[in-house]
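Let's take a friendly walk through this fold, from its overall layout to the residues packed inside it. Have the sequence and the 3D view at hand.

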Amino acid sequence: VDRICRQVLGDKALADGLLWSGTFHGIGARLLRLYAEQIGLTVDFTVHDREDSADLMNLARHELGLSKTETRFPTKGTCLAIYSRVVNAESSIAEVLKSAYPWAINWEEELKALFAAYVAAKQAQGVLDYDDLLLYWAQMVSHPELADDIGNRFDHVLVDEYQDTNRLQAQILMSLKPGGRG
């Protein structure tokens, strides 16, 4: 494939194009660093992986007293999974609990408080989680002038396995190239 691309595009064009190859999260992190000052982030923000995010969620869970409830509150991993689904599906906590976690539906108010505490903890520490990379990117491209500037960086946007994108990722793509056109 590399040889064919070089024949068609040339070495420089191929190299320039591959500078932007990556996952949604990788490209999102790179764009957020480029536009950090314009959107209120520091350029040197830290990105938590899933385990670090789960640990921070657990800390917030413990501080709210949810780790010692009479009936078992969802684990840190489950809380993070619920939070992630809320963000990526652009759904309410109630909808996510009803459709995917019906056994936890009685914890809706506590989960709302937990998620608010988790977001506050991330902001206080200057960290983003994987979901934030997409959420901030989507927020960034919801502003037409930023969307145009970012979209103009790309002639084409190729998404492998598009059927596996979530609602938030699809929103980002549509904002980058409205109508599928540059």
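Along the sequence, the protein chain runs in the order α-α-α-α-β-α-α-α-α-β-α-α-α. That amounts to eleven helices and two strands, where helices (H or I, at least four residues) and strands (E, at least two) are DSSP runs numbered from the N terminus. This is a predicted model, in which local features need pLDDT of at least 70, side-chain atom pairs count only at pLDDT 80 or more, and totals for chains, interfaces and linings use all residues. Residues are numbered from 1 along each chain as its sequence is written, and side-chain values use heavy atoms, with hydrogens and water left out.

Of the chain's 182 residues, 37% are buried, that is, under 20% relative accessible area with a 1.4 Å probe, protein chains only.

Ile-82 sits in helix H6 and counts as buried because its relative accessibility is 0%. Its C-alpha atom lies 9.9 Å from that of Ala-104, 22 residues apart along the chain.

| Residue | In contact with |
|---|---|
| Leu-111 | Phe-73, Cys-79, Ile-82, Ile-93 and Leu-97 |
| Ile-82 | Val-96, Leu-97, Tyr-101, Leu-111 and Phe-115 |

Definitions and conventions
Contact = heavy atoms within 4.5 Å. Buried < 20%, exposed > 50% of the residue type's maximum accessible area, 1.4 Å probe, protein only. Lists of a residue's contacts leave out its neighbours within four places in sequence.
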